[in-house]
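The sequence and structure come next.

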Amino acid sequence: MSNVWKIYMLAIISFLVGTSEFIIAGILDKVAADVGVSLSAAGQLITVFSLAYAFGTPILMAVTARMERRQLLLYALGVFAVGNLIAIALPGFSFLLVSRIVLALSTGVFVVTALTVAAKLAAPGKQGSAIATLVMGFSTSLIIGVPLGRVAASVYDWKLIFGVIGLLGLFAMLIILLAIPRSDGEEPVPIRKQLALFKQPKIAIALAVTFMWIGGYSIVYTYISPYLLNVTKLSEQGVSIGLFAFGIASLFGSKFGGYSTDKWGAPRTLVSGMLFHTIALVLLSLAGHSPYIVFPLLMLWAFTAWSSGPTQQFHLMSLAPEASGIMLSLNSSVLQLGMAAGAGLGGVVVEQASLTSISWIGATGVILAAATAATFFGISHSRTRREAIKRSLVNTSS
């Protein structure tokens, strides 16, 4: 099997773990009704997942740094299966929170490890596309997993979804064992050294962009199903179709982001993607009540939002190529913190204001990210140009 196919195998399993993460947003109203909590309280299942992912992943990656990569992928998937089992076997909201924590920790380890393995398997100059392929796996979970999960939850018990995901997680372990080659671990990097990277302004700014961008996205996405049901007035079938349209566009967006990064560079791809992301959320605020207009708006939003994912990850790796694994881990943690902040803020907005307000607030976060990124790239370009002129003058005088 070629390395390209091995990368796609990792992307398929990323689809599985992505479904387990994202499915809650698709069935949030049903989970809330079944376990007897409010919609905003159920939304905190996403917050808890994201916080556990953000703080737990760097620690676990440091502890397991020397472990052979394939073995680490297998362990992560084993714990992932246990997390899904908890959601099925143990009743009540408290155990559902425990399940989300276990799933978050196992997902974090798998994702970061899979990204580093994919980057090693990729041909020179194709790392951006390899990362985009794995991100495509997550996008596919939005295309197939979340809409089908919504349909399954409408017909059967929503817990059935996690049962199927858990069984597929066990099957994924067999695929990893057969298809993915062994690869050495890395020297462990203490958490203190990882956090020291935040002292570098270029890295701190880049991670701040991740936080604001995904925070703005999460504010809206966490409550997208209730939004489509109550604001757009779609039927159950309409919500499933809307989520399906969203997923298709996210698939093309993530793939385009990787292609655009390789062809035109990260600055142009990232800033333009976030600008269009903002426009999509503003338009959703203005016309989200229309069932006919909401579908193309959902697809525009998904395409522009997911085009930034692989671009930002590649950009962070380029800022510290000697510590690419740490950068991916930090970015994943900051991304999940943004998801947690967005879900938490979205819950407050839904509780205190209205569902219609979430897209305006989400757009504000994304435009702040775009402005920060544009300023950073502009300053970096000017500094590079001045250094080039200085070198030219020195060479001329000598």
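## Helices α1 and α2

At what angle do the axes of helix α1 and helix α2 cross? The axes of α1 (residues 3-26) and α2 (residues 28-35) cross at roughly 75 degrees and come within 5 Å. Therefore α1 is roughly perpendicular to α2 (65 to 115 degrees; axes are lines fitted to C-alpha atoms, for helices over the stretch in contact, with angles from 0 to 180 degrees between N-to-C directions). Helices are DSSP runs of H or I with at least four residues, numbered from the N terminus.

Contact means heavy atoms within 4.5 Å. On the α1 side Ile24, Ala25 and Gly26 take part, and they meet Leu28, Asp29 and Val31 of α2. By class, this contact has four nonpolar, one polar and one charged residues (nonpolar: Ala, Val, Leu, Ile, Met, Phe, Trp, Tyr, Cys and Pro; charged: Asp, Glu, Lys and Arg; polar: the others, Gly among them). Gly36 follows α2 and has a positive phi, near 75 degrees.

## Basis of the model

The model is predicted: local features need pLDDT of at least 70 and side-chain atom pairs pLDDT 80 or more, while totals for chains, interfaces and linings use all residues. Residues are numbered from 1 along each chain as its sequence is written, and side-chain values use heavy atoms, leaving out hydrogens and water.

## Aromatic pairs

The structure holds nine aromatic pairs, defined by ring centres within 6.5 Å for Phe, Tyr and Trp (its six-membered ring). One of them, Phe246 with Trp301, is edge-to-face, at 4.9 Å centre to centre and 75 degrees between the planes; edge-to-face applies over 60 degrees. Phe246 lies in helix α11 (residues 236-264) and Trp301 in helix α13 (residues 291-319), so the pair ties together parts that are 55 residues apart in sequence.

Phe246 counts as buried at 2% relative accessibility, and Trp301 at 0%. Ring pairs link Phe246 and Trp301 with Tyr217 and Tyr221 into a cluster.

Asn331, in helix α14 (residues 324-352), counts as buried at 2% relative accessibility. Leaving aside residues up to four places away in sequence, Asn331 touches Leu207, Thr210, Gln312, Gln313 and Leu316.

Definitions and conventions
Helices (H or I, at least four residues) and strands (E, at least two) are DSSP runs, numbered from the N terminus. Angles under 35 degrees count as roughly parallel, over 145 as roughly antiparallel, 65 to 115 as roughly perpendicular and the rest as oblique. Rings of Phe, Tyr and Trp (its six-membered ring) pair if their centres lie within 6.5 Å; planes under 30 degrees apart count as stacked, over 60 as edge-to-face and the rest as tilted. Buried means under 20% relative accessible area, exposed over 50%, partly exposed in between (1.4 Å probe, protein chains only).
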